[in-house]
Amino acid sequence: MFQRVNFSDFRQAFFNQGRGNQFSYEALQALFNHLEEVEGETGEEMELDVIALCCDYVEYKDFQEFKEDYPSIDSMDQLRDETTVIEFKDGFLIHAF
């Protein structure tokens, strides 16, 4: 059984799971928009699994912060070739690899 959620419901689900501080507000909004786009492109509804999303996506403020975790990646273009990158005003999310 699926329930359609808006951004407010999505955000609240993170707080309900004790993960309210996992992502910034902007990152969470970008993630929500990305997941809605994927649903629209595939025509398949997704299950909202907060813990899985917290394991699957990592937020970075800038490329230098990212490089601390992945020194072998030399550019944003190379990163985009490796994984999903969701950019927003003050940083980006990656699908962890």
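User: Starting with E36: is it buried, exposed or partly exposed?

Analyst: E36 counts as partly exposed, at 31% relative accessibility. Keep in mind that this is a predicted model.

User: OK. Which residue does E36 form a salt bridge with?

Analyst: R4 is the partner, and the closest N and O atoms of the pair are 3.5 Å apart.

User: How many salt bridges does a search of the whole structure find?

Analyst: Five. Among them is one between R80 and D77, with 3.0 Å between the closest N and O atoms.

User: Where do R80 and D77 sit relative to each other?

Analyst: They are three residues apart in helix α5 (residues 76-82), so about one helical turn separates them. D77 is exposed at 54% relative accessible area, and R80 is partly exposed at 37%.

User: What else does R80 meet in a salt bridge?

Analyst: The side chain of E87, at 2.8 Å from N to O. E87 is partly exposed too, with 47% relative accessibility.

User: What does E39 touch, not counting residues up to four places away in sequence?

Analyst: R4, E44, E45 and M46.

User: Switching to α1. Which residues there are buried?

Analyst: F7, F10, A13 and F14 are the buried ones in α1. They cover an arc of only 120° around the axis, so they end up on the same side of the helix.

User: What do those buried residues pack against?

Analyst: They pack against α2 and α3 (50-56).

User: And which residues are exposed on the other side of α1?

Analyst: S8 and N16 are exposed there. S8 also comes up at the start of α1, where its backbone nitrogen has a side-chain oxygen of N6 within 3.0 Å.

User: What about just after α1, what does G18 do?

Analyst: G18 takes a positive phi there, about 75°.

User: Which element gives the most to the lining?

Analyst: α2 does, with five residues.

User: Since we're on α2, what about H34? Buried or exposed?

Analyst: H34 is found in α2 and counts as buried, at 18% relative accessibility. Leaving out residues up to four places away in sequence, H34 touches Y57, T84 and I86.

User: How many residues apart in sequence are H34 and T84?

Analyst: They are 50 residues apart in sequence, and their C-alpha atoms are 10 Å apart in space.

User: Last one, T83. Where is it found?

Analyst: T83 is in the loop between α5 and β2 (85-88). T83 is buried, with a relative accessible area of 13%.

User: Which backbone oxygen lies 2.6 Å from a polar atom of the T83 side chain?

Analyst: The backbone oxygen of H95. H95 is also one of the residues that T83 is in contact with once its neighbours within four places in sequence are left aside; I94 and F97 are the others.

How values were computed. Residues are numbered from 1 along each chain as its sequence is written. This is a predicted model: local features need pLDDT of at least 70, side-chain atom pairs count only at pLDDT 80 or more; totals for chains, interfaces and linings use all residues. Side-chain values use heavy atoms; hydrogens and water are left out. A salt bridge is a side-chain nitrogen of Lys or Arg within 4 Å of a carboxyl oxygen of Asp or Glu. Buried means under 20% relative accessible area, exposed over 50%, partly exposed in between (1.4 Å probe, protein chains only). Helices (H or I, at least four residues) and strands (E, at least two) are DSSP runs, numbered from the N terminus. The arc is that of the directions from the helix axis to the C-beta atoms. Contact means heavy atoms within 4.5 Å. A polar contact is a pair of N or O atoms within 3.5 Å; within protein, one must be able to donate a hydrogen and the other to accept it, and residues adjacent in sequence count only if both atoms are side-chain atoms.
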